[in-house]
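Subject: Structure handover

Hello,

Please find the structure below. My notes on what was found in it follow.

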Amino acid sequence: MKSDYIPAPIDVSDIQLPSELCELAEIIAKNVHEVWAAGRLAEGWKYGPERNDALRTHPGLVPYEELSKIGRAVQQ
């Protein structure tokens with residue numbers, strides 16, 4: 001049943017990528033952000049300095065390169 005689904009991300013905090021994969025990891029991260037942002041925008045969300053579900057604003061709705069200014073972990 002879908003309502004029983006509980007996400008279980010793996011802990012990757014101790015994983016060290018070989019240097020030749022770091023660029024690929026960054027490209028994948030950027031693409032994940034682009035897909036997430038496109039979905040939010042399609043749902044009527046817009047940029048706002050704070051997340052507000054009622055107003056549909058989110059500080060993460062910025063280009064990927066700007067996320068380091070607000071913290072890449074802000075996406076929810």
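Does valine 12 count as buried, partly exposed or exposed? Valine 12 counts as partly exposed because its relative accessibility is 47%; buried means under 20% relative accessible area, exposed over 50%, and partly exposed in between, with a 1.4 Å probe and protein chains only.

Before the rest, some notes on reading the model. This is a predicted model, in which local features need pLDDT of at least 70, side-chain atom pairs count only at pLDDT 80 or more, and totals for chains, interfaces and linings use all residues. Residues are numbered from 1 along each chain as its sequence is written, and side-chain values use heavy atoms, with hydrogens and water left out.

Confidence. The mean pLDDT (the predictor's confidence in each residue, from 0 to 100) is 89 for the protein, and 88% of the residues score at least 70. Helices (H or I, at least four residues) and strands (E, at least two) are DSSP runs, numbered from the N terminus. Where pLDDT is low, the predicted coordinates should not be read in detail.

Helix α1. This helix covers residues 19-42, 24 residues in total, and spans 36 Å from first to last C-alpha, close to the expected 34 Å; the expected span is 1.5 Å times one less than the number of residues. His33, Trp36, Ala37 and Arg40 of α1 are buried. After α1 comes glycine 44, with a positive phi near 95 degrees.

Surface patch. Valine 12 lies in the segment before α1. It belongs to a nonpolar surface patch of about 840 Å², whose members include Ile10, Leu21 and Val32. Patches consist of residues with over 30% relative accessible area and no salt bridge, with like charges joined within 9 Å and nonpolar side chains (Val, Leu, Ile, Met, Phe, Trp, Tyr) within 5 Å. Areas come from the Shrake-Rupley method with a 1.4 Å probe; for residues, only the protein chains shown count as cover.

Salt bridges. There are two, a salt bridge being a side-chain nitrogen of Lys or Arg within 4 Å of a carboxyl oxygen of Asp or Glu. One joins glutamate 65 to lysine 30, with the closest N and O atoms 2.9 Å apart. This pair links distant parts of the chain, 35 residues apart: glutamate 65 is in the loop between β2 (57-58) and α2 (67-70), and lysine 30 is in helix α1. Another joins arginine 51 and aspartate 53, at 2.7 Å from N to O. Arginine 51 is partly exposed, because its relative accessible area is 32%.

Regards
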